[in-house]
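Q: Hi! Could you walk me through this one? I'd like the strands, the core and the confidence.

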Amino acid sequence: MATIKMQGNSSGSGSVTLTAPNTNSDRTITLPDSDTVLIGGAPVVGTLNGTGTIALQNSKGVSSVSDYGVGKYGFNFSSNFSNATYYASGVVSHPTSAYWSYLANRYSGGNQDNARTTSQCKVGSYDGAYADAPSVGLMASE
């Protein structure tokens, strides 16, 4: 039988607490048989209402949002990433499925602004022209 070993970092002075979820079900976490970093960098998740005066609706790691004009938004991070090559993906939804769109590279053809910085990722809603969207989401992680 394999064992589980917790090993502290000799240069750290903080503590790590593992907390069980509030559940009445048994849960199993299966670890891969390899050296693996489970989470690399703080994950960022946010949604905003992009119509009228934009408003942050839900967030983890997002401090605020910016409005750069019709269909163009910026998610400002609570803590900077170590570099601007983090993974980012997002989606926008429109009131009817006839107008559902994906986000765009430089607002015209991919998943996110490829000029993103360590502190912000811009996203856009484009469907033949820039268009405000009632729900814009971003997920990013190193």
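A: Happy to; here is a chat through the model, topic by topic.

A: One thing first: this is a predicted model, where local features need pLDDT of at least 70, side-chain atom pairs count only at pLDDT 80 or more, and totals for chains, interfaces and linings use all residues. Residues are numbered from 1 along each chain as its sequence is written, and side-chain values use heavy atoms, with hydrogens and water left out.

Q: Good to know. What is the mean pLDDT of the protein chain?

A: The mean is 77, and 79% of the residues reach 70 or more. Here pLDDT is the predictor's confidence in each residue, from 0 to 100.

Q: And where is confidence lowest, and where highest?

A: Strand β6 (residues 101-102) is lowest, at a mean of 46, while β3 is highest at 93. The pLDDT is below 50 over residues 99-112, a stretch that has 49 contacts in the model beyond near neighbours in sequence. Contact means heavy atoms within 4.5 Å. Where pLDDT is low, the predicted coordinates should not be read in detail.

Q: Noted. How many helices and strands are there?

A: The protein chain has 0 helices and 8 strands. Both are DSSP runs numbered from the N terminus: helices are H or I with at least four residues, strands are E with at least two.

Q: Which strands make up the open sheet?

A: The open sheet has 3 strands in the order β3-β4-β7, with antiparallel pairing. Its edge strands are β3 and β7, each pairing on one side only. From one strand to the next, the twist averages 20°. For the angles, axes are lines fitted to C-alpha atoms (for helices over the stretch in contact), and values run from 0 to 180 degrees between N-to-C directions.

Q: How many bridges hold β3 and β4 together?

A: There are 5 bridges, in the antiparallel sense. Two strands pair if DSSP finds at least two bridges between them. Within this pairing, V62 stands opposite F77 in β4.

Q: What about β1 and β2?

A: β1 and β2 also pair in the antiparallel sense, over 5 bridges, and N49 has A55 in β2 as its bridge partner. The two strands form a hairpin with 5 residues between them, and G52 in the turn has a positive phi of about 65°.

Q: Switching topic: which residues have the most contacts inside the largest nonpolar core?

A: Those are F75, F77, Y86, V136 and L138, in a core of 18 residues. The elements giving two or more residues to this core are β1 (44-49), β3 (62-67), β4 (72-77), β5 (87-93), β7 (120-124) and β8 (135-141). A nonpolar core is a set of buried Ala, Val, Leu, Ile, Met, Phe, Trp, Tyr and Cys residues joined through side-chain atoms within 4.5 Å.

Q: Is F77 buried or exposed?

A: F77 counts as buried, because its relative accessibility is 5%. The cut-offs are under 20% relative accessible area for buried, over 50% for exposed and partly exposed in between (1.4 Å probe, protein chains only). Y86, at 2%, counts as buried too. Buried residues make up 28% of the 142 residues in the chain.

Q: What does F77 touch?

A: Not counting residues up to four places away in sequence, F77 touches several residues, including V44, V62, Y86, C121 and L138. G61 is another of them.

Q: Oh, where does G61 lie?

A: G61 is in the loop between β2 (55-60) and β3. G61 and F77 are 16 residues apart in sequence and 5.7 Å apart in space, C-alpha to C-alpha. With a relative accessible area of 27%, G61 is partly exposed.

Q: How many aromatic pairs does the count come to?

A: The count is 3 aromatic pairs. Rings of Phe, Tyr and Trp (its six-membered ring) pair if their centres lie within 6.5 Å; planes under 30 degrees apart count as stacked, over 60 as edge-to-face and the rest as tilted. F77 and F81 have ring centres 5.1 Å apart and planes at 85°, so that pair is edge-to-face. F77 and Y86 are edge-to-face as well, with centres 5.6 Å apart and planes at 80°. Ring pairs link F77, F81 and Y86 into a cluster.

Q: Last one: is V92 buried or exposed?

A: V92, found in strand β5, counts as buried at 3% relative accessibility. V92 and G50 are 42 residues apart in sequence and 9.3 Å apart in space, C-alpha to C-alpha.
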